[in-house]
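Dear colleague,

Please find below the structure that I am handing over to you. My findings follow directly after it.

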Amino acid sequence: MKGEGQQDSQLINSVYLDNTSLELYHGRLDKRPNAIAIRLRSATSTTDTNIAYGMGQGHPKLVFVERKTHRESWKGEESVKERITLAENLVLPFLEGKYTIEQAQSDLRAKNKTQNEIDKFSRLFVEIQQQVDSKQLHPMIRTQYMRTAFQIPYDASVRISLDTNLTMIRENPEDGPLLHLSG
C-alpha cells in the first residue's frame with residue numbers, strides 16, 4: 001500500500017492445473033469433500049517500473065504454488081489454502097518432477113531456513129508433486145487481471161480490492177506447456 005489515499009496495483013497471473021477429464025474442476029464445482037484446486041500464482045506490482053516493464057531487479061520472480069482443499073462448512077470445517085514459493089525458473093522442473101525435494105531442501109538450507117520451515121515446505125512440495133504426477137495435471141487455464149487494493153496504511157482491518165481487465169486464457173497442453181507467468 002502507498003500513503004494515505006493512495007493505491008497499489010498488481011498484475012495477477014494464475015495458472016490452474018487439471019487433467020484432460022477436468023477432475024479438479026468438477027470436484028470443486030460439485031463441492032466434493034477434500035476436492036482440491038492447484039494453481040500457480042504470480043504478481044507484478046505496477047508501482048515498480050523495472051518489474052512492470054519486465055526488466056526485473058536481478059532476482060528471480062517468485063511464484064506461489066497453491067493448493068486449496070474444500071472442506072464441508074456445514075460440518076464446522078474450514079477450507080484450507082496452503083502454498084509454497086518457488087523461483088519462476090523452477091516451476092516447470094517442479095511440475096515435471098525434475099526439481100527434486102532434495103534439491104529444494106538444499107536450496108532452503110542455503111537460505112538459512114529453519115528445520116521447521118524446511119519440513120513444512122517439504123511436506124507440501126512432495127504432496128503437490130505427487131498429485132501432479134498421479135492425476136496427470138498440467139496447465140489448463142490462466143486468469144490474468146489487474147488488482148487494485150485500497151486500505152489504511154498499516155491497518156488491514158478494512159481492505160477493498162478491485163479486480164479489473166479479467167482475461168481467461170486457455171493453456172494448450174497438447175502442444176506442450178506454455179508456462180510463462182510473466183504478463
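Predicted model: local features only at pLDDT ≥ 70, side-chain atom pairs only at ≥ 80, totals over all residues.

Helix α3 (residues 88–95) lies across β1, β2, β3 and β4, and runs at about 115° to β4. Helix α5 also lies across β1, β2, β3 and β4, in its case at about 95° to β4. For these angles, axes are lines fitted to C-alpha atoms, for helices over the stretch in contact, and the values run from 0 to 180 degrees between N-to-C directions.

Residues are numbered from 1 along each chain as its sequence is written, and side-chain values use heavy atoms, with hydrogens and water left out.

Overall composition

The protein chain comprises five helices and six strands, which follow one another along the sequence as β-α-β-α-β-β-α-α-α-β-β. Taking contacts (heavy atoms within 4.5 Å) between residues at least 6 apart in sequence, 66% join residues at least 24 apart.

The sheet

The six strands form an open sheet in the order β4-β3-β2-β1-β5-β6, with antiparallel pairing (two strands pair if DSSP finds at least two bridges between them). At its edges stand β4 (80–87) and β6 (155–170); each has a single partner strand, so one side of each is left without a neighbour in the sheet. On average, neighbouring strands of this sheet are turned by 30° against each other, direction ignored.

Strand β2 (residues 36–45) has nine of its 10 residues buried, so it is largely enclosed by the rest of the structure. Eight bridges join β2 to the antiparallel strand β1 (residues 8–18), and here Leu 17 stands opposite Ile 38 of β2. Strand β3 (residues 62–69) is joined to β2 by six bridges, again in antiparallel fashion, with Ala 37 opposite Lys 68 in β3.

Strand β5 (residues 138–152) is connected to β6 by 11 bridges, and the two run antiparallel. Opposite pairs include Ile 152 with Asp 155 of β6 and Thr 143 with Met 168 of β6. The two strands form a hairpin with two residues between them, and Tyr 154 in the turn has a positive phi of about 65°.

A residue of β3

Which residues does Arg 67 contact, leaving aside its neighbours within four places in sequence? Its partners are Ile 36, Ala 37, Ile 38, Val 80, Lys 81, Glu 82, Arg 123, Leu 124, Glu 127, Ile 128 and Gln 131. Arg 67 belongs to strand β3, and its relative accessibility is 6%, so Arg 67 counts as buried. From C-alpha to C-alpha, Arg 67 and Ile 38 are 4.6 Å apart in space, although 29 residues apart in sequence.

In helix α4 (residues 101–110), the residues Ile 101, Ala 104, Gln 105 and Leu 108 are buried. Viewed down the axis of α4, these buried residues fall within an arc of 100° (taken from the directions from the helix axis to the C-beta atoms), so they line one face of the helix. An α-helix has 3.6 residues a turn, so residues three or four places apart point the same way. The face of α4 turned away from its buried side carries the exposed residues Glu 102 and Ala 110. After α4 comes Asn 112, with a positive phi near 60°.

The buried residues of α4 pack against α5 (115–134). The two helices pack at an angle of about 155°, with their axes 10 Å apart. The contact is made by Ile 101, Ala 104, Gln 105, Leu 108 and Arg 109 of α4 and Ile 118, Phe 121, Ser 122, Phe 125 and Val 126 of α5.

Yours sincerely

Methods: Buried < 20%, exposed > 50% of the residue type's maximum accessible area, 1.4 Å probe, protein only. Helix = DSSP H or I, 4+ residues; strand = E, 2+ residues; numbered from the N terminus.
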